[in-house]
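Subject: Structure handover

Hello,

Here is the structure for you to look over. My notes follow below it.

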Amino acid sequence: MQVEPLSIVGAFKVVPRVFSDDRGYFKEAFRASTYAAAGAREAFVQDNASISKARVLRGLHGDSRMAKLVQVLRGSAYDVIVDVRKGSPTFAQWAAVALDGATHTQLYIPAGCLHGFLALEDETLLCYKQTAEYDPTTEFGVAWDDPDLAIDWPLKGKAPLLSSKDAANPTLRELGFL
């Protein structure tokens, strides 16, 4: 596996080795020692999956207790991390990584950072591991279009498809982060 740090402190992407032939492919999707060496030493306790249509935007979601490891198994997504950890040198900065089923790239999101993604194709299957079990009382959301973040979502002039919950998310300023 190849580990590449991102501009957000503690965040990194992983490109696993993939062995392909006429039968399909094999890849090692997770090895604790590889992630620990890169700085992700937490134990993962919950796995999740979502299937999304093109233009579905999920997020931005955060939980100070939870790190995530995300990957797209089918389709493609524009995946975004926002650092909202008070005192972090990269506070209020964001980084984006293109994820797709063909390249197998994974993204590690440190605890306390926001995460969101835009599905770029129909039937995009995103899977992720979490270091804490989901608890709606500790999760918070931030507006996907927060002007203070100015995330450059590749929407090509079209509106995203949002859940009613995500459409109502406040800005960082409204939450008192800025």
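Where is the place of arginine 55? Arginine 55 sits in the loop between β5 and β6. Helices (H or I, at least four residues) and strands (E, at least two) are DSSP runs, numbered from the N terminus. Arginine 55 is not a glycine, yet its phi is positive, about 80°. Its relative accessibility is 32%, so arginine 55 counts as partly exposed. On that scale, buried means under 20% relative accessible area, exposed over 50%, and partly exposed in between (1.4 Å probe, protein chains only).

Before the rest, the ground rules. This is a predicted model: local features need pLDDT of at least 70, side-chain atom pairs count only at pLDDT 80 or more, and totals for chains, interfaces and linings use all residues. Residues are numbered from 1 along each chain as its sequence is written, and side-chain values use heavy atoms, with hydrogens and water left out.

**Overall**

The protein has three helices and 13 strands. Its C-alpha trace spans about 50 × 35 × 30 Å along the principal axes. The radius of gyration is 16 Å, which agrees with the value near 16 Å for a compact globule of 178 residues. That radius is taken over C-alpha atoms, and the globule rule is 2.2 Å times the number of residues to the power 0.38.

Of the 178 residues, 46% are buried. The protein exposes about 8900 Å², and carbon and sulfur atoms supply 52% of that area. Accessible areas come from the Shrake-Rupley method with a 1.4 Å probe; for residues, only the protein chains shown count as cover.

Contact means heavy atoms within 4.5 Å.

**The open sheet**

Six strands form an open sheet in the order β1-β2-β10-β7-β12-β5, with antiparallel pairing. Its edge strands are β1 (2-5) and β5 (46-52), each pairing on one side only. Two strands pair if DSSP finds at least two bridges between them. On average, neighbouring strands of this sheet are turned by 20° against each other, direction ignored. Those axes are lines fitted to C-alpha atoms, for helices over the stretch in contact, and angles run from 0 to 180 degrees between N-to-C directions.

Glutamine 2 has valine 15 in β2 as its bridge partner.

Threonine 105 lies in the loop between β9 (94-100) and β10 (106-109). Threonine 105 is buried, at 6% relative accessible area. Beyond its neighbours within four places in sequence, its contacts include Lys13, Val14 and Val15, as well as Val70, Gln71, Val97 and Leu99.

**Around β11**

How many of the seven residues of strand β11 (residues 113-119) are buried? Seven of the seven are. Cys113, His115, Phe117 and Ala119 point one way from β11. Leu114, Gly116 and Leu118 point the other way.

β11 pairs with β6 in the antiparallel sense over three bridges. Here histidine 61 stands opposite histidine 115. Strand β8 (residues 76-83) also runs antiparallel to β11, joined by seven bridges. There aspartate 83 stands opposite cysteine 113.

β6 (residues 57-62) holds leucine 60. A cis peptide bond joins glycine 59 and leucine 60, with omega about 10°.

**Cysteines**

Cysteine 113 is buried, with 3% relative accessible area. Cysteine 127 is buried too, at 19%. The disulfide count is zero, where a disulfide is a pair of cysteine sulfur atoms within 2.5 Å.

**Two loop residues to look at**

Lysine 156 also has a positive phi, about 50°, although it is not a glycine. Lysine 156 lies in the loop between β13 (140-141) and α2 (164-167). With a relative accessible area of 79%, lysine 156 is exposed.

Arginine 31 is in the loop between β4 (24-27) and α1 (32-38). Arginine 31 is partly exposed, at 42% relative accessible area. Arginine 31 and methionine 1 are 30 residues apart in sequence and 9.2 Å apart in space, C-alpha to C-alpha.

Best wishes
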